[in-house]
Amino acid sequence: VAEEFQKRNPGTKITVGLSGTGGGFQKFCRGETAISNASRPISAAEIDACQKTGVNYIELPVAYDGLAVVVNPKNTWATSMTVAELRTLWSPDAQGKVLRWNQVRPGWVNQEIHLFGAGVDSGTFDYFTEVINGKAKASRGDYTSSEDDNILVQGVSGDQYGLGFMGLAYYEENKDKLKLVAVDDEKPENGAGPILPTAVTVRNGTYRPLSRPIFIYVSVAALARAEVQQFVQYYVESASPLIAEVGYV
C-alpha cells in the first residue's frame with residue numbers, strides 16, 4: 001500500500017519498518033510510529049502503555065488472514081489434524097515429551113517431528129497459541145522460531161518430518177514447496193470434518209479456529225498531518241486488490 005501511495009503522490013515518503021505485532025506496538029505506544037500493522041487486536045498491556053504516553057488511536061480492520069498448518073510435500077500421513085492434536089503437539093506440557101509423529105496420532109510414522117513456528121514477538125504466535133492452547137504465548141519452546149515466515153517455509157520444505165504454522169499468504173506464495181494440513185475443530189455446528197484454509201473458508205468463517213481479522217492502528221495525533229490522513233483514506237478505499245495480491249482475504 002505504501003509503494004502504491006508513493007507512486008500516486010510523488011515526494012511523499014513512507015518508511016515501513018519490520019517487526020512482529022508486539023514489537024510494533026511497543027514503538028507505536030512510545031509515539032515513534034504513525035501507524036501500526038497488527039495481526040491480532042491490541043492487548044490490555046499495550047492499551048495501558050499507550051494511555052501512559054498519551055497515544056490515542058483508531059483501530060481499522062483491513063483484511064482477514066488464515067493461519068496455515070503446513071507439512072513437507074513428502075509427508076503422506078498428516079493430511080488433517082484436529083485442534084486437540086495440535087494442542088497435544090504445541091502445548092507447554094509437550095516440550096521434551098511429544099517428539100515423534102506417532103505420539104500425536106497412533107498409526108502415524110514412528111519418526112521425530114521437527115517443528116517450525118512464528119517467533120514470540122509475532123501476532124501470529126499470539127493468535128495461534130491462544131486459539132490452540134487456550135492462552136496467548138503459552139507454547140512449548142523447543143521449536144525453530146522466526147518472525148520471518150520465509151525461514152519457516154525453508155525449514156518445512158527442506159525436512160520430510162517438519163511441521164509448521166504460518167500466515168496463509170506465505171503458503172500461497174510457496175505452495176509448490178509445502179503441503180496444507182486440513183484442520184478439524186470437532187464442533188459439528190461449524191461444518192463437517194477437517195477444513196482446508198482458502199479465501200472462501202477464511203472469509204465465511206468455516207475454517208476455525210485459525211482465521212482472524214488483521215488491523216492497522218492509526219495514531220490520532222498523526223492524523224493531524226494531511227499526508228497521513230490521505231494515506232489512511234487510500235488504504236481503506238483502495239487496498240482490496242493489493243490485499244488479495246499478497247494472499248490476504
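Predicted model: local features only at pLDDT ≥ 70, side-chain atom pairs only at ≥ 80, totals over all residues.
Start with the helices. Helix α2 covers residues 21-29, and helix α3 covers residues 44-52. They pack at an angle of about 20°, with their axes 9 Å apart. Angles under 35 degrees count as roughly parallel, so α2 and α3 are roughly parallel to each other. Their crossing is right-handed. From α2, the contact uses Gly 22, Phe 25, Phe 28 and Cys 29. From α3, Glu 46, Ala 49 and Cys 50 take part. By class, this contact has 5 nonpolar, 1 polar and 1 charged residues.

Now move to the loop between α6 (123-133) and β5 (144-146), where Ser 139 is found. Ser 139 has a relative accessible area of 16%. Buried means under 20%, so Ser 139 is buried. Beyond its neighbours within four places in sequence, Ser 139 is in contact with Trp 90, Ser 91 and Pro 92, and also with Phe 125, Thr 129 and Asn 133. Gly 158 is 19 residues from Ser 139 in sequence. In space, the two are 24 Å apart, C-alpha to C-alpha.

Lys 137 is also found in the loop between α6 and β5. Lys 137 is partly exposed, with a relative accessible area of 48%. Its phi is near 75°, a positive value in a residue other than glycine.

Glu 186 has a positive phi too, near 55°. Glu 186 sits in the loop between β8 (182-184) and α9.

Finish at Pro 209, in the loop between α9 (199-203) and β9 (211-219). The peptide bond from Arg 208 to Pro 209 is cis, with omega near 0°.

Definitions and conventions: Residues numbered from 1 in each chain as written. Heavy atoms only, no water. Helix = DSSP H or I, 4+ residues; strand = E, 2+ residues; numbered from the N terminus. Buried < 20%, exposed > 50% of the residue type's maximum accessible area, 1.4 Å probe, protein only. Contact = heavy atoms within 4.5 Å. Axes fitted to C-alpha atoms, helices over the stretch in contact; angles between N-to-C directions. Parallel < 35°, antiparallel > 145°, perpendicular 65-115°, else oblique. Left-handed = near helix turned anticlockwise from the far one by under 90°. Nonpolar A, V, L, I, M, F, W, Y, C, P; charged D, E, K, R; others polar.
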